[in-house]
Protein chains: 4
Amino acid sequence: MNADLLARWKRIRGFAFDMDGVLSPAGLLVLEDGTLIRHVNVHDGMAMRVALDERYKICIISGSGEEGMQIRFERIGVEHIYFGVKRKLTPLEEFALYYGIGLHEILYMGDDLNDIEPMRSVGLAAAPADASRDALEAAHYVSPFEGGKGAVRDVIEKTLRIQQRWPGKV
Amino acid sequence: MNADLLARWKRIRGFAFDMDGVLSPAGLLVLEDGTLIRHVNVHDGMAMRVALDERYKICIISGSGEEGMQIRFERIGVEHIYFGVKRKLTPLEEFALYYGIGLHEILYMGDDLNDIEPMRSVGLAAAPADASRDALEAAHYVSPFEGGKGAVRDVIEKTLRIQQRWPGKV
Amino acid sequence: MNADLLARWKRIRGFAFDMDGVLSPAGLLVLEDGTLIRHVNVHDGMAMRVALDERYKICIISGSGEEGMQIRFERIGVEHIYFGVKRKLTPLEEFALYYGIGLHEILYMGDDLNDIEPMRSVGLAAAPADASRDALEAAHYVSPFEGGKGAVRDVIEKTLRIQQRWPGKV
Amino acid sequence: MNADLLARWKRIRGFAFDMDGVLSPAGLLVLEDGTLIRHVNVHDGMAMRVALDERYKICIISGSGEEGMQIRFERIGVEHIYFGVKRKLTPLEEFALYYGIGLHEILYMGDDLNDIEPMRSVGLAAAPADASRDALEAAHYVSPFEGGKGAVRDVIEKTLRIQQRWPGKV
């Protein structure tokens with residue numbers, strides 16, 4: 001890892017995640033009434049709990065979003081969940097302002113066209129292994145894990161290990 | 001890519017997709033009452049929205065089909081959804097006629113025996129990576145992505161990039 | 001393929017399939033009331049329809065089994081579905097007797113310990129790529145496809161192509 | 001396998017499994033009301049049945065847990081199911097005491113931070129292929145199979161084969 005990238009990891013105090021294709025896989029179930037059902041990943045959930053315990057800030061910003069996912073992420077302790085968002089930069093700036101964090105101290109992970117603007121605005125832009133070509137090109141860091149399959153765990157654990165705040169052996 | 005194939009990509013003005021094994025994975029859930037539940041892919045959905053915004057025409061032609069998928073694709077903006085089709089060439093020709101597009105200007109993506117006839121009738125026949133042997137042999141282009149896992153995104157993004165109408169960097 | 005194995009393929013007139021791990025993946029969903037929900041594969045379904053049209057006989061023999069799967073396979077046209085079976089050889093012999101087929105003319109595909117006895121009784125024993133070690137060792141043929149992900153399509157298409165009864169190019 | 005590790009396998013009389021990421025995949029479905037739906041693996045289920053028949057003891061220890069999974073595992077014959085556990089070592093010791101088994105005679109399979117303590121307490125600590133880094137480092141044995149995709153089958157079958165109690169050919 002070059003010095004510039006390492007400096008970016010060291011500055012991170014908050015995480016912002018897209019939902020579909022990042023916290024949940026790009027594939028989702030369609031019920032008979034058109035309701036969408038998503039998968040979540042328990043390793044991601046564990047890492048979010050650890051990060052919140054260590055006083056990192058987390059928000060979720062999605063163009064879609066249903067009740068069940070809201071309940072799931074609230075149980076983990078995520079307080080800033082923005083669903084049904086048109087332009088993602090707006091809630092991202094609101095989240096940063098609320099906690100007095102600079103955008104350069106935020107890691108944003110996204111996977112598609114509507115994530116490019118926030119990815120270009122933050123200190124560290126990340127993408128899952130199976131992100132779209134545009135997101136892969138906009139990312140400072142591409143996780144070896146796919147969306148909904150450990151990509152979120154990967155960037156949280158990496159951040160906390162680099163900052164020596166991960167509870168396991170460092 | 002040879003010149004003939006590139007010419008085929010450059011001519012495309014409309015897309016026709018099979019559903020099972022193309023827009024959704026070959027694997028589908030069977031509920032207790034026999035209802036089938038499918039997965040869709042958010043990257044495919046994003047690409048269909050972009051293509052429709054850019055005035056490309058899209059239709060979906062399936063031998064099966066349930067209410068939930070109809071709702072899903074209508075929300076994306078797809079207006080021509082043919083479900084419960086016996087012989088797929090008929091709605092394909094209807095779709096082409098409606099928009100005044102020639103069959104040589106249509107990309108059809110299919111994955112099994114009942115897709116061979118429409119695949120042989122269009123300008124560009126495509127198949128997902130996990131299509132059946134007959135569909136793979138009938139295809140001008142085989143996507144590296146599987147059905148329901150990005151194959152549709154792949155052919156739409158490829159078409160629009162070749163035609164310099166994809167919104168990201170070209 | 002050696003001559004003995006080819007002779008086995010050429011003799012096949014009927015197919016017998018285990019369900020869990022063969023027609024559906026080894027992984028299945030558990031609903032809140034303990035109900036099990038399975039995946040099926042559309043490529044498998046297409047091949048079963050083709051085989052039945054070509055007058056091959058098909059039965060399904062499972063130690064478990066729920067209503068939804070019964071409905072699914074009946075719609076495809078499978079008439080001999082044995083669910084909740086303790087010892088699988090019994091319905092297999094019943095199926096063979098009913099159609100006047102010898103066990104040496106049957107291809108049985110299984111994936112675990114309770115499939116070993118029928119696998120040793122038929123003319124051609126097959127296993128999916130992800131079968132248990134015992135089933136892999138008992139098989140004359142191991143499909144490159146996993147259970148519920150094309151293993152059934154593979155053995156049906158292979159049989160019909162060898163016997164020049166597959167509808168595509170041979 | 002070195003002599004120390006083989007000795008550990010030979011001593012095993014009981015199995016303790018985490019649920020999420022071990023008996024079921026790390027990915028789980030979130031229903032509209034926030035209910036979590038998990039996958040189980042039929043190969044794992046078969047192995048648990050064989051082990052129980054051979055008088056091995058099995059318990060399941062999870063920080064989460066819903067009704068449907070309780071029903072599923074009870075049907076297989078697992079009598080010690082601990083759900084909603086805060087600190088996993090407590091029920092593990094209770095289970096060992098109940099059957100008069102030493103912790104050194106137990107194989108514990110876990111995949112994340114809250115499994116490290118029990119993994120360090122037993123005779124043989126195992127982890128699925130896709131476990132978190134801490135669990136992989138704490139494991140004496142890492143299965144080539146992922147959680148919910150055969151990891152449990154692998155360690156049970158391996159134990160019984162080494163102890164010559166597996167019903168297939170040894």
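Predicted model: local features only at pLDDT ≥ 70, side-chain atom pairs only at ≥ 80, totals over all residues.
**Position relative to the axis**

**Chain A as a single unit**

- Chain A contains 7 helices and 8 strands, and its C-alpha trace spans about 50 × 30 × 30 Å along the principal axes.
- The radius of gyration of chain A is 15 Å, which agrees with the value near 15 Å that a compact globule of 170 residues would have.
- Of the 170 residues of chain A, 54% count as buried.
- Of the contacts in chain A with a separation of 6 or more, 54% are accounted for by residues 24 or more positions apart.

**Where chain A meets chain B**

- At this interface 16 residues of chain A are in contact with 20 residues of chain B.
- On the side of chain A that touches chain B, the elements giving two or more residues are β2 (27-30) and α6 (133-138) of chain A, and the largest share, 4 residues, comes from β2(A).
- By class, that side of chain A has 6 nonpolar, 4 polar and 6 charged residues.

**Where chain D meets chain A**

- At this interface 15 residues of chain D are in contact with 19 residues of chain A.
- Strand β2 (residues 27-30) of chain D gives the largest share of the side of chain D that touches chain A, namely 4 residues, and the residues of that side divide into 6 nonpolar, 4 polar and 5 charged.
- Strand β3 (residues 36-41) of chain A pairs with β2(D) in the antiparallel sense over 4 bridges, and the bridge partner of Asn41(A) in β2(D) is Gly27(D).

**The parallel sheet of chain B**

- Chain B holds an open sheet of 6 strands with parallel pairing, in the order β5-β4-β1-β6-β7-β8; its edge strands are β5 (80-82) and β8 (141-142) of chain B, each of which pairs on one side only.
- Strand β6 (residues 106-109) of chain B pairs with β7(B) in the parallel sense over 3 bridges, and Leu107(B) has Leu124(B) as its bridge partner in β7(B).
- β7(B) also pairs in the parallel sense with β8(B), over 2 bridges, and in that pairing Ala126(B) stands opposite Tyr141(B) of β8(B).
- Strand β7 (residues 124-127) of chain B is covered on both faces, with Leu124(B) and Ala126(B) buried on one side and Ala125(B) and Ala127(B) buried on the other.

**The corresponding strands of chain D**

- Strand β6 (residues 106-109) of chain D and β7(D) pair in the parallel sense over 3 bridges, with Ala125(D) in β7(D) as the bridge partner of Tyr108(D).
- From strand β7 (residues 124-127) of chain D, Leu124(D) and Ala126(D) point one way and Ala125(D) and Ala127(D) the other way, and all are buried.

**Nonpolar cores**

- The largest nonpolar core has 154 residues, and those with the most contacts inside it are Leu107(A), Met109(A), Leu107(B), Met109(B), Leu107(C) and Met109(C).
- Apart from that core lies another of 51 residues, among them Ala47(D), Met48(D), Ala126(D) and Phe145(D).
- If neighbours within four places in sequence are left aside, Leu107(C) is in contact with Ile12(C), Phe15(C), Val122(C), Leu124(C), Ala126(C), Val155(C) and Thr159(C).

Note on methods
Residues numbered from 1 in each chain as written. Chains lettered and ligands numbered in written order. Core = buried A, V, L, I, M, F, W, Y, C linked by C-beta atoms within 7 Å. Buried ≥ 20, exposed ≤ 12 C-beta atoms within 10 Å, placed from the backbone. Contact = placed C-beta atoms within 7 Å. Rg over C-alpha atoms; globule rule 2.2 N^0.38 Å. Nonpolar A, V, L, I, M, F, W, Y, C, P; charged D, E, K, R; others polar. Pairing = 2+ DSSP bridges.
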